[in-house]
Amino acid sequence: MSDDGVIWAAIWREARDRLAAAGIEAADQEARWMVEDVAGIEAADVSRSTADVAQRHLARFDAMVERRIEGEPLQYVLGHWSFRELDLLVDRRVLIPRPETEVVTQVALDELARSPAGTPRAVDLGTGSGAIAVSLVREHRSVEVWAVDASSEAIEVARANAAGAGGRHAARLRIVEGDWFDPLPDELRGGVDLVVSNPPYVADDEPIEPAVAEWEPTTALRAGPDGCRDLHHLLDEAPGWLAPGGSLVLEHAPDQAVGLVERAEAGGWVDVTTVDDLAGRPRALRARRPAG
């Protein structure tokens with residue numbers, strides 16, 4: 001790209017054409033988002049912008065387009081992505097937040113709304129970018145959240161998002177490194193009102209689209225021969241941490257729903273159900289510890 005008297009509208013058109021030639025279906029919109037990110041111009045106004053392009057902006061923009069053409073996901077190219085009320089830092093250290101997890105977060109918030117505790121306590125296991133945990137403290141007036149992840153790199157991202165996206169609400173969020181329940185303090189046993197998780201749930205031999213397999217952390221995706229290893233672990237271990245009447249909310253694959261409901265009911269959970277995602281597929285398991 002040349003910067004000889006060019007304006008952002010022209011840069012957008014050139015980027016759009018390059019992305020389209022590389023086979024990117026949403027080339028028009030992606031080019032708009034990149035211009036919006038670099039130049040601070042609203043995406044809807046990009047095609048009409050006559051603002052001059054500074055050399056420093058041009059170099060950054062061109063690098064972004066090249067990264068996208070090489071197959072890097074748009075979210076990583078931009079370095080951030082929206083999730084419910086948040087604008088989250090995302091990069092290759094964490095999974096890209098997805099609409100399915102927004103649904104899971106809403107189920108978790110609904111469960112917190114029924115908690116009798118004035119200051120309910122929640123645990124987000126496998127927090128990744130912190131999307132669920134930060135959303136909980138942002139959208140619930142008083143919940144205290146413990147967020148856990150086994151990846152030190154994910155912990156760095158979650159802490160950055162807590163500081164940036166969490167704002168003043170971040171004082172109610174603690175982020176710790178470790179394997180599932182292991183790093184939680186013993187005083188939480190039997191006193192947690194909500195356990196929520198988007199754990200790995202892809203089978204080891206299940207095909208994953210190249211854009212995901214080549215760029216996103218596979219340790220946050222794969223979970224044994226049937227993809228249920230971590231889901232089963234959480235179902236089995238959560239009762240020891242939940243208060244009577246407390247809730248467990250798990251994201252899962254649609255084809256795992258029936259088996260998870262059966263396992264939960266056999267394990268003594270009550271009010272077991274699944275909640276559909278935006279495409280109408282069962283995506284979130286909700287189960288409660290008996291109140292008695």
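Contact here means heavy atoms within 4.5 Å. Helices (H or I, at least four residues) and strands (E, at least two) are DSSP runs, numbered from the N terminus. The model you see is predicted, so local features need pLDDT of at least 70 and side-chain atom pairs count only at pLDDT 80 or more, while totals for chains, interfaces and linings use all residues. Residues are numbered from 1 along each chain as its sequence is written, and side-chain values use heavy atoms, leaving out hydrogens and water.

Let's start with the sheet. Strands of a sheet pair through backbone hydrogen bonds, either parallel or antiparallel. Here seven strands form an open, mixed sheet in the order β5-β4-β3-β6-β7-β9-β8; two strands pair if DSSP finds at least two bridges between them. At the edges are β5 (173-177) and β8, each pairing on one side only. Further in, β3 and β6 (residues 192-197) pair in the parallel sense over four bridges, and Ala122 stands opposite Leu194 in β6.

Now find the loop between β3 (121-125) and α6 (131-139), where Thr127 sits. Thr127 is buried, with a relative accessible area of 8%; buried means under 20%, exposed over 50% and partly exposed in between (1.4 Å probe, protein chains only). Beyond its neighbours within four places in sequence, Thr127 has contacts including Ala147 and Asp149.

Finally, look at helix α10 (residues 257-266), whose buried residues are Ala257, Leu260, Val261 and Ala264. They lie on the same side of α10 because they cover an arc of only 100° around the axis, taken from the directions from the helix axis to the C-beta atoms. These buried residues pack against α9 (229-237), β8 (270-276) and β9 (282-288). The face turned away from the buried side carries the exposed Val258, Glu262 and Ala266.
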